[in-house]
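Work through the exercises below with the sequence and the 3D view open. Try each task before reading its solution.

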Amino acid sequence: METHQKATISALLLIAFATSCIDSSSAQTFCNMSGQELMACKPSVTPPNPPKPSAECCSGLKHADMQCLCSYKNSNLLSSFGIDPNLAMKLPQMCKFPHPVPC
């Protein structure tokens, strides 16, 4: 379970970074996810009434470079971007990923 949580937190950190640094309409990518894919995940990790992750969010997480995302797992930026780490930990499960990604 700890590995699953680390992977999820890493994904949220990516979303936080994208929110602040990547224009969702740009062609830039971060950890193999486009700005648009990152922004698609943000509502699902933002309280108070987060929706289920979109197909675009799950698709982006599926092909993301998880080792790259894992490199951000110890950052303290999540709360400053309004992201709830508990919601982030649920993303892979909500996207129905068969196996947690090791960090």
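The model is predicted: local features need pLDDT of at least 70, side-chain atom pairs count only at pLDDT 80 or more, and totals for chains, interfaces and linings use all residues. Residues are numbered from 1 along each chain as its sequence is written, and side-chain values use heavy atoms, with hydrogens and water left out.

**Exercise 1. The overall chain**

Task: Give the order of helices and strands, then describe burial and surface for the chain.

Solution: 
- Step 1. Take helices (H or I, at least four residues) and strands (E, at least two) as DSSP runs, numbered from the N terminus. The chain has six helices and two strands. Their order along the sequence is α-β-β-α-α-α-α-α.
- Step 2. Apply the burial cut-offs: buried is under 20% relative accessible area, exposed is over 50%, and partly exposed is in between (1.4 Å probe, protein chains only). Of the 103 residues in the chain, 39% are buried.
- Step 3. Look at contacts (heavy atoms within 4.5 Å). Among those between residues at least 6 apart in sequence, 72% join residues at least 24 apart.

**Exercise 2. The disulfides**

Task: Find each disulfide, then state its handedness and what it links.

Solution: 
- Step 1. Search for pairs of cysteine sulfur atoms within 2.5 Å. The count is two disulfides.
- Step 2. C41 pairs with C57, with sulfur atoms 2.0 Å apart. C41 is in helix α2 and C57 in helix α3, so this pair links distant parts of the chain, 16 residues apart. The S-S torsion is about 105°, which makes the C41 and C57 disulfide right-handed. C41 has a relative accessible area of 0% and is buried. C57 is also at 0% and counts as buried.
- Step 3. C58 pairs with C95, with sulfur atoms 2.0 Å apart. C58 lies in helix α3 and C95 in the segment after α6 (91-94), so the pair ties together parts 37 residues apart in sequence. The torsion is about -80°, so the C58 and C95 disulfide is left-handed. C58 is buried at 13%, and C95 is buried at 12%.

**Exercise 3. The faces of α3**

Task: Which residues of α3 are buried, and how are they arranged around its axis?

Solution: 
- Step 1. C57, C58, G60 and L61 are the buried residues of α3.
- Step 2. Take the directions from the helix axis to the C-beta atoms. The buried residues fall within an arc of 160°, so they line one face of α3.
- Step 3. A55 and K62 are exposed on the other side of α3.
- Step 4. Recall the geometry: an α-helix has 3.6 residues a turn, so residues three or four places apart point the same way.
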